[in-house]
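Me: I would like to go through this model and ask, for each label, what grounds there are for using it. Please set the value against the criterion each time.

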Amino acid sequence: MSLKNKLNRLKPHLGSGKQEDLSKSSHLIKEEHSGGSVIPSEKEPEIVIPYLDQWKAEGALPYFFDNNYCLVREVRFPLDQKHGHFRFRDFLQAVKVWNEIGISHPLSALGHHPEELFFFDTETTGLGGGTGNTIFLLGYASIKGEELVLRQHVLPNPGAEVPLYQSFLESVNYKTLVTYNGKSFDWPQVKTRHTLVREHVPKLPSFGHFDLYHASRRLWKHKLDRLKLSMVEKEILGVLREDDIPGHLAPMIYFDFIERKQPEGMLGVLKHNEIDILSLVTLYTHLTFQICGLDEGQTSQETYEVGRWFSSLGEKGEAVKRFDSIAEGDDHVSAHAQLALAYERKKVRDWEKALILFQAVADSGISDIGREACIEGSKILEHKLKNPQIALEFVHKALKMDEKPAEIPPLFLADALKRIKRLENKCRKFPEEADKRTGNDLSIL
Amino acid sequence: MIMKLRKNLQEILEDLKIHEQFKENIVTWRTIEERPAKNVPLPGDLHVQLKEALENRGIGQLYTHQKTSYETVMSGKSIVAVTPTASGKTLCYNLPVLQTVLSNPNARALYMFPTKALAQDQKSEINEIIQETGMNINSYTYDGDTPANIRQKVRQAGHVVITNPDMLHSAILPHHTKWVSLFENLKFVVIDELHTYRGVFGSHVANVIRRLKRICRYYGSDPVFICTSATIANPLELAENLTESEMTLIDNNGAPTGRKHFLFYNPPIVNKPLNIRRSATLEVRKLAGELLKNKIQTIVFARSRVRVEIILTYLQELVKNQLGPKSIMGYRGGYLPTERRKIEKGLRSGEIYGVVSTNALELGVDIGQLQVCIMTGYPGTISSAWQQAGRAGRRHGESLVIMVASSSPLDQYVIQNPEYFFTQSPETARINPDNLIILIDHMKCAAYELPFKAGEKFGNVETEELLEYLTEERVLYQNGDKWYWMNDSFPAHNISLRSASQENIIIVDQTNVANVKVIGEMDRFSAMTLLHEEAIYLHQGTQFQVEKLDWEEKKAFVREVDVDYFTDANLAVQLKVLEVDKLLEHPDMEIGYGDVSVRAMATIFKKIKFETHENIGSGPIFLPEEELHTSSAWISLDKPLADMGHERLEQGLVGTAHALNHIAPLFVMADPQDIHVVPQVKADHNEKPTIFFYDRYPGGVGLSEKIYTGMVPVFRETRKMVTGCQCESGCPSCVGTEAVSETAKRDTLKIIDFFLDASASKER
């Protein structure tokens, strides 16, 4: 019996290893080859490249290596060109800021020239890690003199990874990668695919890495549901995409491209990748100004998030500066900033200033952080300032914060009641101590 | 009960010999005398540290088979060591592996165990030796429970990586570029419990090993395989088929065993005309109850999940007052891992006295020494029975094994032919790595891992046609002389090594509306008969009723109930021959082999009362038909039986099929569910009276093919079983209950004889 018959008979049972998308891809592939060119093969000295004219028209040239080739497209942008709210030239300013301002931060370009940063993004044939997920497009941009130069290395067929990585590794001598989620996706995938051709191409250099995805999460997760780059572009950076090909279609378009060789669909993917990379430049510029406090349009919420970031990095001075700048208002963010400041004061054992700030938060009328502030204040009063009487008042205040007692979280309530009991005991045992302290410390209240 | 009245095992043995209620039912009492150890000195070339480490652990000598394994492996040959329970098999591989790593710290070994629990066990064992040597050797488990933060360390620095085939299939091989240091330096692949890799699972694993070898070749390594197996008929053949490597068989077992009493217990006949015996379950309840009352640690094996739960319910009730319900537990596949770990620990510490298990505990999970093992029915294979028996009295001291027969023909055959059981091992473990469905699945995974080159073989398989097929399916893309993966999926994620049907049904307990939780899962085919609406599903002795089965969404919603019955469902089967591959024609009979289409549908279920096992109600099952394309062997008889009349022919065929279905699995080492036997008075393809044997897995895993080549012995043994049955005109123990006519048994024998005569006539 022929294997083919058998395979066809078993077809209903053979469904599981591939995804439904195949049916979709097959109608994309219906058209016949129209280029008429031969697939290049190692035996032929002459490598014929299908649709070369069309590629050339788009700035792409073949790169030959090892009897094979890949395509490298180059586009140059003048620094005065605007992408979203910024010009590329503003990025030079951003690097300058880092070098002058002396703020220590993971995104700091201190010690870097603008030319040393390398904005990088890939397109792949599937999602997630795994050896079989092929990178078919390596794109990056960097500053060269008065221009931003963008290069895209395209894999013309799956057998051409050696020229792809050869051409790529030959031309990258930068210090630091700038990516969007590249730490967990793009770069590990580059490493994976590089491993498969490592005997034929140069080693992967080691880079510094600014992953702007994590920065964007810190700053904007309060206002964006999803932190996809396209969302950040639209909502934050003012980048408009026209006729853009959605990224998730890229694999299908690539499969179609290697079947038919016709570059049209791929050019759309290249355009998509180009915008992604240009947006990284704008995003880095914008983030720099945000972090360094140089963006006049910064919302107080953003300032607060920057402050929190500094705080988590242990950069107290910068954190306090950010919180201070927004603590004056009477809105939620100001109250949060005051609370953050109070904790900063507490950390340096400045109990009195901390207490004033907790008091202010308690008076803000925002019940959840108000309650928290009351308890914090009461802790300082009880343990540091030894004033159980006032401490007790703070706890009572915490419980009165809500109109409906039902809204008090049960755990909080249980803790507060315990605290009250203990404080009442202390008041009874050491009334004189309580009296003695009254007067001097409580002027601040 | 007062303490001094508690009996020990010796006294129980006396009771069994004397007491009427037991004595009469014990049809065979074999005492297997203790066997002394065969020791040899430690190998002379052993590293000093390793030698000292062994001596510190009380190992001053080796058993013969351990030494032979060591020497053979160190000479660069792959081995399969046949090792009964508790024979110190781990040294067969740990010794050469540690010795090699001590001389060459770059060397790496990959250990593969069929379950996570076994992997955990082995890690502790090897780590104890390593600690004793004081050397810097890293051994880690790598499975679903390995925390993300140490995975990188395992990948780069693990000398010994302990994993399971599923993890190798879906996590290690598809990410091989992250494991370069392992694959470049892989010296050993250890495959423990080799005998579990049979049937569908084994066929999958054989392909995973093809992929593993392919990756090793890519990174320039060529590991030696070290396999260990329980006793089966063809360990060497299985190991060679599974690894496609040349193997040396090592079977000079030198481990000692304690004295073991092996009893065959046949429950009394309660219905003479129908030859129905008292239920094995009830007898087991009596025996196990007696033992557990005396706090003798006992393990009870049952063949199905349902049976486990029923016995558990009985036993927990029986000893409720003495021991507290938690001292007797169930253990089977459907439980969640944490639950299982807890039980294993309780058994080792002795907090748990009794355990009722499916064959899940057959494998080497370390549960310490139990004194008694009771099997509810013949476990289906001799190999399995010995594995289960090995659970009692692992190395020293006296132990007791009781096999309680059910009324099934296979059980009755075994129990009436003790010589068969005690003297021979005809079971062969079969795999079919070239099953097209399985093969194609793993070709996809392999292509994902590395492109295929023209002329490249996948294991022993020529790949060209398959690559072309996958290219047409637009999964692969051919460029020059290579085929590349060109799809956006991750193929290993959609391919399960374990279950025939890929998508399991999730079991959701909605007893507590505020706390709905998942309590287990089950494969689709089993779910048709076990999770249909109104079915009683048992989990840890608790009864649940299935309220809704959402076939589309693959969920069964159950609620706790308290009823005095269980449910049993019928499956109706239609079968059609699609293509005849092989045909042996005799004068009045033919034997065929080929592809068939089977359509199965669950029809009705019965409610069966616990104590009396009487039928107390039934209902329809509304589930779609499932279609299966598979391989089948069959026999067709010519005119012979025309004088028999249609009615009698039909009854005779039904009876013959029933009897065959119980004997056939014996010859192929399969679960009775894995191979089905179906009669047709007039088969569609040749219009002759025909009996089909088919594999239950799509594409077949080689069971029918084996039967095709051994049809005569299968019929001969079946005849022995039917004639040996004491009933007059057919009973559940021989021709089954569906063949109801007076002449069914006689006609069954007539058909069998007709076949045997016809097959002999060829030689004339």
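**Labels and their grounds**

Reply: As this is a predicted model, what follows rests on computed geometry. Helix 15 of chain A and helix 16 of chain A pack at an angle of about 170°, their axes being 8 Å apart.

Me: What makes helix 15 and helix 16 of chain A roughly antiparallel to each other?

Reply: Angles over 145 degrees count as roughly antiparallel, and the angle here is about 170°; the two helices of chain A are therefore given that label. Helix 15 of chain A contributes residues including A:Arg371, A:Cys374 and A:Ile375 to the contact, and helix 16 of chain A contributes residues including A:Pro388, A:Ile390 and A:Phe394. By class, the residues of this contact divide into nine nonpolar, two polar and three charged.

Me: How do you know that the span of helix 14 of chain A agrees with its number of residues?

Reply: At 1.5 Å a residue, the 12 residues of helix 14 (residues 351–362) of chain A should span 16 Å, and because the end C-alpha atoms are 16 Å apart, the two values agree.

Me: Which residues of helix 14 of chain A are called buried, and what do they pack against?

Reply: The label requires 20 or more other C-beta atoms within 10 Å of a residue's own, and A:Ala354, A:Leu355, A:Leu357, A:Phe358, A:Gln359, A:Val361 and A:Ala362 are buried. These buried residues of helix 14 pack against helix 13 (332–347), helix 15 (367–384) and helix 16 (388–400) of chain A.

Me: Why is helix 8 of chain B called mostly covered?

Reply: Seven of the eight residues of helix 8 (residues 165–172) of chain B are buried, among them B:Pro165, B:Met167, B:Leu168 and B:Ile172. Their cover includes strand 5 (108–112), strand 7 and helix 10 (199–219) of chain B.

Me: What makes strand 1 and strand 15 of chain B edge strands?

Reply: They belong to an open sheet of seven strands in chain B, in the order 1-11-18-17-14-16-15, with mixed pairing. Strand 1 (26–32) and strand 15 (328–331) of chain B each have a single partner strand, so one side of each has no neighbour in the sheet. From one strand to the next, the twist averages 15°.

Me: How do you know that strand 11 and strand 18 of chain B are paired?

Reply: Pairing requires at least two bridges, and six bridges join strand 11 (residues 260–265) to strand 18 (residues 399–404) of chain B, which run parallel; B:His261 stands opposite B:Leu400 in strand 18.

Me: What makes up the contact between chain B and chain A?

Reply: The contact takes 38 residues from chain B and 37 residues from chain A. Helix 19 of chain B gives the most to the side of chain B that touches chain A, with seven residues, and that side has 17 nonpolar, 11 polar and 10 charged residues.

Note on methods
Residues numbered from 1 in each chain as written. Chains lettered and ligands numbered in written order. Predicted model: local features only at pLDDT ≥ 70, side-chain atom pairs only at ≥ 80, totals over all residues. Helix = DSSP H or I, 4+ residues; strand = E, 2+ residues; numbered from the N terminus. Expected span 1.5 Å × (residues − 1). Buried ≥ 20, exposed ≤ 12 C-beta atoms within 10 Å, placed from the backbone. Contact = placed C-beta atoms within 7 Å. Axes fitted to C-alpha atoms, helices over the stretch in contact; angles between N-to-C directions. Parallel < 35°, antiparallel > 145°, perpendicular 65-115°, else oblique. Nonpolar A, V, L, I, M, F, W, Y, C, P; charged D, E, K, R; others polar.
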